[in-house]
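Colleague: Could we walk through this model together? I have a few questions ready.

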Amino acid sequence: MKELPSGKRFWDISWDRGEVEITSGACGKNGRSKEHWFRTPQERDAFIEEEIRKKLGSGYVEVDEVAPAAGPAAATQAKVRAWQSRIEPLARAVWTPVFRKGEHAGHGTLRGAMRLSAGESWPACPCCQRPLAPLLELDRRALPDSALRSDSLVQLFVCEVWSNGEPSSGDCILTGSLCREVSPSARPTKPPGEVAMPRDAEVVSLVDWKEHAELPFEPPLCAELDLESDETLLALVHGAGGHTDELDGFGAYAAYVEAKGLTPEYGPKLGGHPTFIQECTVPFSKLLFQLDARAPFNANFGDGGNGQILLKSDGTPTYFWSCS
């Protein structure tokens, strides 16, 4: 820190890797700061030495105090606020499921009985004609997100004859699934004995939800953010309490999302932003439920991966899966 003999003003210079911050103002006040960024340590050190030389030459003296904290320059602050006002509204509420082994009252079941209409036969794979395996039945009547509620159950059946090494066509993987809505008054029916399911599959109930919020993985505005200066990107990230070495739009956005505690869920969740492994090829308006290949689903999407039950514009469900 450097201070004029009058003791009325301060000047401070500090640095962290390629970032140098100069803070100055009246003693006892926060002052104002200006930030500079350098690509090499040599450029940074030369700049620091020159700035200190100039201040010492103008009458400032060194003291053992620390300058009050100050934010980025006003122009940079304005840009950061503008970006915050664009990013923050993208956050969505999301609920991660709480599972319990066995059949319990709650919001749905995995790998258990599925409700069938009176006189209806168990659904079969359109390719191999074997009975489809039950994967998920989700009760939409009391979901925590009112925008996702309806007076129906959503069911997801998949063909898994090939996951046990049984002869099957690749078409069973691509088209052997059924996603539909049924009435809650339909009759619970246990899967037929000949249904092929993964050997580690077991009945699990979805009994509760844990709410938090998330931002999308990579919104379109990342390309626009990439056009901003390093100064603005670093101020955006540092202002959120984060750090990043990747000074591009996506790196800054990812660091900002992590620092804000709004990282998107890649596993099972209700609502929020879908985290597609591959580009989604079905039209949809919002995510209803996301599931993945790991326990408790123990599903095989052609390999490890995830699936999404999506709602179309008319509110009906559709299913998309992808493997990693």
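**Pockets and a helix**

Colleague: Which residues lie nearest the centre of the second largest pocket?

Modeller: A pocket here is an open set of points on a 1 Å grid over the protein atoms alone, where a 1.4 Å probe fits, with protein on both sides within 12 Å along at least five of seven lines; lining residues have an atom within 4 Å of a point. This is a predicted model, in which local features need pLDDT of at least 70 and side-chain atom pairs 80 or more, while totals for chains, interfaces and linings use all residues. Numbering starts from 1 along each chain as its sequence is written, and side-chain values use heavy atoms, without hydrogens or water. Of the 13 lining residues, those nearest the centre are Arg-17, Gly-18, Trp-37, Leu-234 and Leu-247.

Colleague: Which helix gives the largest share of that lining?

Modeller: Helices (H or I, at least four residues) and strands (E, at least two) are DSSP runs, numbered from the N terminus. With three residues, the largest share of the second largest pocket's lining belongs to H5.

Colleague: And which strand leads in the largest pocket?

Modeller: Strands S7 (108-110) and S9 (133-139) each bring at least two residues to that lining. The largest share, three residues, comes from S9.

Colleague: Happy with that! Which residues of helix H6 are buried?

Modeller: H6 covers residues 249-259, and just after H6, Gly-261 has a positive phi of about 70 degrees. With buried meaning under 20% relative accessible area (1.4 Å probe, protein chains only), the H6 residues are Gly-249, Gly-251, Ala-252, Tyr-253, Ala-255, Tyr-256 and Val-257.

Definitions and conventions. Buried < 20%, exposed > 50% of the residue type's maximum accessible area, 1.4 Å probe, protein only.
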